[in-house]
Amino acid sequence: MTNLEVRPVEEVCPPGQPGGYAGNGPCLQLWPAREVPLGGVRAMNVFRTLPQRGLPTVGAWCFLDSFGPDRVAMSVLPHPHTGLQTVTWPLAGTIRHRDSVGSDVIVRPGELNIMTAGNGVSHSEFAVLPHRPSPGETSDAGTELPLQRGLQLWVALPDGERHRAPAFEQHRDLPEVTGDGFTATVMVGSFAGAASPATMYSPIVGADITCSGSVVLPLDPEFEHAVLVLDGGLTLDGQDVPPGPLGYLGTGRRLLEVEALPGTRFILLGGEPFQEELLMWWNFVGRTHDEVAQARQDWEDQADLPDPTAEGSRFGLVRGHGPEAGAEAGRIPAPPLPGVRLRPRTRS
Ligand code: MN
């Protein structure tokens, strides 16, 4: 998905520390979600839990939006990315993904889309809608908009990988691992002895975990971790973690003991603390203001090219959005850059 903010500001993300943002070792901090001002996707509730002031990244995870559940026709026209991987994890509903490396795929709950932007990619995402009867057709069954719910995450690419060529992967058979009281689907990295086939560029983990009662989960103590509860609720370190906020767990945990309400489902994110300063603006992850401003300019300039696939077109062409495409014609223009350059933040 695109960053839906109408007037995004630059987010300077200071480098992580080997001990994580809370200092060395384990902790539990609840970072509230904030509702994102809506741009392109009308009436869809979007809640952002990364980046935060004081918690810009968890490992290389640098962006986490939850959307839905809502009955809206998600339609996100072509827009660009740089310097990151997008990780799309639908929880309900079905999304058609098209991109400038030629992909045109449907992604369903349980399946993972990973798009590596590298130096520049563009893509679109549309909800797959039920058949709408044309005049004269009698059947009006199945015309209700399907429920849409899901997660859109970004992973920052490390400096040595962020200028690579763009790429796309879809994984339909992610490993599922069952332990004492839990079942986990491993989206990226490794968890509880199972490894995802997804191509990642830093030590990282992402898992979708279902559990009930008292459960002990194995973690990598070198990683910092966070949890996002989707359904139910967790109690850990004597504190409740409900759906909504991101629960930051710090580093140094080899085992995570949780008490889970029946049918609890949560996302576990983690990775080695990302020790590079990032500058994020709109859909770009860079290192400097000038770099991000150049990416914005390259996307805007591309709107005027007669053939966006021609040499020199940084973000390429997403097929199927030309003038003949009706409601799916067009592209998302870049918002205006903020008038001031922000200074790097200090960690709170
Ligand atoms: Mn996107």
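Two strands count as paired if DSSP finds at least two bridges between them; strands themselves are DSSP runs of E with at least two residues, numbered from the N terminus. In these terms, Glu35 stands opposite Phe47 in strand 4. The model is predicted, and local features need pLDDT of at least 70, side-chain atom pairs count only at pLDDT 80 or more, and totals for chains, interfaces and linings use all residues. Residues are numbered from 1 along each chain as its sequence is written, and side-chain values use heavy atoms, with hydrogens and water left out.

Strands of a sheet pair through backbone hydrogen bonds, either parallel or antiparallel.

Strand 8 (residues 95–99) has two pairings. With strand 9 (residues 104–107) it runs antiparallel, joined by four bridges, and with strand 11 (residues 121–127) it pairs in the antiparallel sense over five bridges. Ile95 stands opposite Val107 in strand 9 and opposite Ala127 in strand 11. The hairpin of strand 8 and strand 9 has four residues between the strands, and Gly102 there takes a positive phi near 95°. Four of the five residues of strand 8 are buried, where buried means under 20% relative accessible area, exposed over 50% and partly exposed in between (1.4 Å probe, protein chains only).

A nonpolar core is a set of buried Ala, Val, Leu, Ile, Met, Phe, Trp, Tyr and Cys residues joined through side-chain atoms within 4.5 Å. The largest one has 44 residues, and Trp61, Leu112, Leu151, Val188 and Leu246 touch the most other members. Strand 12 (residues 148–156) gives the most to this core, with five residues. A second, separate core of 26 residues includes Val177, Leu217, Leu219 and Leu268.

Contact means heavy atoms within 4.5 Å. Beyond residues up to four places away in sequence, Val188 touches Trp61, Leu112, Ile114, Ser196, Ala198, Met200, Ile204, Val205 and Gly206.

Thr185 lies in strand 15 (residues 182–191). With a relative accessible area of 15%, Thr185 is buried. Neighbours within four places in sequence aside, Thr185 is in contact with Trp89, Leu174, Pro175, Glu176, Gly206, Ala207 and Asp208.
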